[in-house]
Structures are given as C-alpha cells and as structure tokens.
Amino acid sequence: MAVLSVGARPQVVRDLPLVAVAVVWGSSFLVVKRVAEPETVVAVLALRFGLVLPVLGVVAWRRLRGLSAAQWGGGAVLGLVLGAVFLLETYGAVHTSATNAGLVISLTMVFTPLAEAALRRSAPSGAFLAAAGLSVLGVALLTGDGGLRAPSAGDLLVLGAAVARTVNVLATARLRSVRGVDALALTWVQLAFATLVFVLAAPLAGPSPLSVAGSFDAARWGLLLYLSLLCTLFAFFVQLWAVRATSPSRVSLLLGTEPLWAALCGVLLAGDRPGVLALLGAVAVLAGTEWGRRRAPRFPAAA
C-alpha cells in the first residue's frame with residue numbers, strides 16, 4: 001500500500017502536531033514556575049537553550065556556513081531582542097500565576113497589528129480596535145483580580161514581554177539583512193546569541209548555570225528537558241513542517257489557542273482560582289485576542 005503524502009493525510013492528522021505545540025507552549029508557564037526561582041531564572045534560560053543549540057546546530061550546520069557577515073549581524077540583533085523576550089516572560093511567570101502569564105502574553109496578537117499599522121500610518125478597522133479594547137479590558141480585570149488593584153510586578157513583566165515579542169516580530173519582518181535567510185539557520189543564530197547573553201549574565205544575576213544544573217533533582221531535570229525538548233525543539237520543527245503541510249491561516253488559528261491551554265493548566269494543575277470578575281476578564285482576553293487575530297489588518301511584506 002502506498003504511503004500517504006503529507007498533503008493527502010486527513011486534516012485532523014495534520015492539525016494534531018500544531019495543537020500539541022499550542023498545548024506545550026500553554027503549559028510552559030506552569031513548568032517555568034516549578035523549575036525556576038527568581039534567582040535562577042537566567043541560569044535556567046541558559047540551560048534551556050544551551051541543551052537545544054547542539055541539536056539544532058548539527059541540523060543547520062551547512063546552512064549556517066552559507067550566511068554572510070551581515071546576516072550573522074542581523075541574527076545577532078534579533079537574538080538580543082529574543083533574549084529580552086524570554087527574560088521578561090520568565091521573570092514574569094515566576095512572579096505571577098500561570099493563568100495570568102499565559103493570558104497577558106497573548107496580547108502580542110493585538111499589539112503586533114497595531115504596531116504595524118502605526119508604522120505604516122494605516123488605521124485599523126473599527127472591529128479590530130474593538131477587539132483590542134476588549135483584550136485590554138480583560139487583562140485589567142484579570143490582573144486586578146476582578147478589582148481595582150494595580151497589576152503585580154509579574155503581570156507587568158509579562159506585559160513587557162508581549163511588547164518585546166511584538167518588537168521581535170516587526171524586526172524580523174523589516175530587518176533587511178535577514179530577509180530570505182533560511183529559517184533554521186536564522187533561528188540558530190538568534191538562540192545562540194540569546195544563550196550567550198544568558199550565560200554571561202547568569203553569574204551576575206545569581207548562581208551559574210553549572211551550579212544550578214548540579215543542584216537539580218530528577219524532577220527538575222525532567223521539567224527542564226520538557227522546556228528544552230518539547231517547548232523549544234519540538235515546537236520549532238513542527239512549525240517548519242506546518243509551513244509545508246497546511247495553510248498559514250490554519251497554523252495561526254491552531255497556535256493561537258496557546259492562551260486557552262495556559263489558562264486550563266493554571267486552573268486545573270496549578271490551582272489558580274480567579275474570582276468572578278477576573279474569570280470574566282480571562283474570557284474577555286481569549287475572546288478579544290481571537291477576534292482581533294481574525295480581524296487584524298493584512299499588510300504586504302515590507303519593501
């Protein structure tokens with residue numbers, strides 16, 4: 001019997017890996033809370049990506065050799081931005097609930113189109129602005145725990161990570177030196193420079209990565225490997241595969257369920273118990289970001 005090609009496989013079979021990525025990404029906020037402490041965040045990040053780099057490097061070696069100096073430089077810049085994203089996101093996750101972290105970071109889905117529209121001096125549609133407003137209102141209710149309290153430091157750090165993610169997306173699209181660069185090679189360069197920053201900064205921010213690795217028991221090593229192998233390596237290769245196996249809109253739709261899985265993990269596994277208004281805020285974030293993603297303005301590639 002002939003083996004079915006990727007395109008001939010049932011749609012549900014092609015969707016499952018993407019749903020799996022959304023699930024592991026959503027769960028990563030809870031995993032981070034259990035593997036990292038405030039003083040070990042930078043060391044844990046160095047370990048997380050340091051474990052992935054050799055594997056990606058072996059696969060990307062020939063492609064990396066073809067990069068020009070300008071392309072290496074562009075990847076390095078993006079790597080610094082990516083490092084900022086993970087620093088803010090991980091510190092934030094450690095200092096807030098898994099539910100809050102997963103929902104607040106989803107604001108990237110409305111921040112990015114808004115920023116792109118501002119750069120292009122093009123007004124978004126009323127429907128998109130309404131969706132963005134609903135998302136922001138939802139975050140206010142969620143992080144205020146249904147009241148008028150100011151967001152916690154962790155919530156604000158994750159909000160900063162959402163802004164940094166937006167910068168990373170826009171820079172990747174608009175930086176001329178990385179246009180047309182192989183995705184695998186560019187990802188390795190970004191991760192390499194982000195990891196270098198983590199390795200150099202870790203002793204200044206707390207214990208070194210080696211000392212943290214030595215202090216981990218089997219459970220924490222399992223969680224670290226989960227972050228490295230599933231949330232990073234597996235997720236990256238699935239996205240590369242999905243580009244060829246399904247449509248970009250379907251990839252966006254399925255990966256966009258990440259905040260839903262983050263909220264479920266927070267409530268079911270971490271014991272997060274938001275109040276009634278905070279729960280309404282969570283629903284508003286999910287509805288607003290999904291509505292905004294569907295109504296986001298579509299722009300041609302930057303010239």
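Colleague: Let's start with Leu67: is Leu67 buried or exposed?

Modeller: The general idea is to look at relative accessibility and compare it with a cut-off, where under 20% means buried. In this predicted model, Leu67 has 14% relative accessibility, so Leu67 counts as buried.

Colleague: Where is the place of Leu67?

Modeller: Leu67 sits in the loop between H2 and H3. Leaving aside residues up to four places away in sequence, Leu67 touches Trp72, Val181, Ala185 and Val189. Take Val181 as a case of sequence against space: Leu67 and Val181 are 114 residues apart in sequence, with 7.9 Å from C-alpha to C-alpha.

Colleague: And for the protein chain, how many helices and strands are there?

Modeller: There are 13 helices and 0 strands. Of its 303 residues, 46% count as buried. Contacts can be sorted by sequence separation too: among those between residues at least 6 apart, 92% join residues at least 24 apart.

Colleague: How do I read a pair of packed helices, such as H2 and H3?

Modeller: Two packed helices are described by the angle between their axes and the distance between the axes. Here, helix H2 (residues 41-65) packs against helix H3 (residues 69-95) at an angle of about 150°, and their axes are 12 Å apart. The crossing is right-handed.

Colleague: Which residues in H2 and H3 meet?

Modeller: From H2 come Val41, Val42, Leu45, Arg48, Phe49 and Leu64, and they meet Trp72, Phe86, Leu87, Thr90, Tyr91 and Val94 in H3.

Colleague: What does UniProt list for "transmembrane region"?

Modeller: Read such a listing as a record, then look at what the model does in each span. The UniProt entry, which is unreviewed, lists residues 12-30, 42-61, 73-94, 100-119, 126-144, 156-173, 185-206 and 218-241. In the model, residues 156-173 are 100% helix and 0% strand, with end C-alpha atoms 26 Å apart. Residues 100-119 are 85% helix and 0% strand, and the end C-alpha atoms of that span lie 29 Å apart.

Colleague: Now the cysteines: how many disulfides does the structure hold?

Modeller: The structure holds 0 disulfides. Cys231 is in none, and its nearest cysteine sulfur is that of Cys265, 9.9 Å away. Likewise, Cys265 is in no disulfide, with the sulfur of Cys231 as its nearest. The reasoning rests on distance: a disulfide needs two cysteine sulfur atoms within 2.5 Å.

Colleague: Are Cys231 and Cys265 buried or exposed?

Modeller: Cys231 has 4% relative accessibility, so Cys231 counts as buried. Cys265 has 11%, and therefore also counts as buried.

Colleague: Which residues does Ser28 touch?

Modeller: Beyond residues up to four places away in sequence, Ser28 touches Leu227 and Cys231. Ser28 is found in helix H1 (residues 11-35), and with 9% relative accessibility Ser28 counts as buried.

Conventions:
Residues numbered from 1 in each chain as written. Predicted model: local features only at pLDDT ≥ 70, side-chain atom pairs only at ≥ 80, totals over all residues. Heavy atoms only, no water. Buried < 20%, exposed > 50% of the residue type's maximum accessible area, 1.4 Å probe, protein only. Helix = DSSP H or I, 4+ residues; strand = E, 2+ residues; numbered from the N terminus. Contact = heavy atoms within 4.5 Å. UniProt positions renumbered as here; feature names shortened; annotations may be inferred. Axes fitted to C-alpha atoms, helices over the stretch in contact; angles between N-to-C directions. Left-handed = near helix turned anticlockwise from the far one by under 90°.
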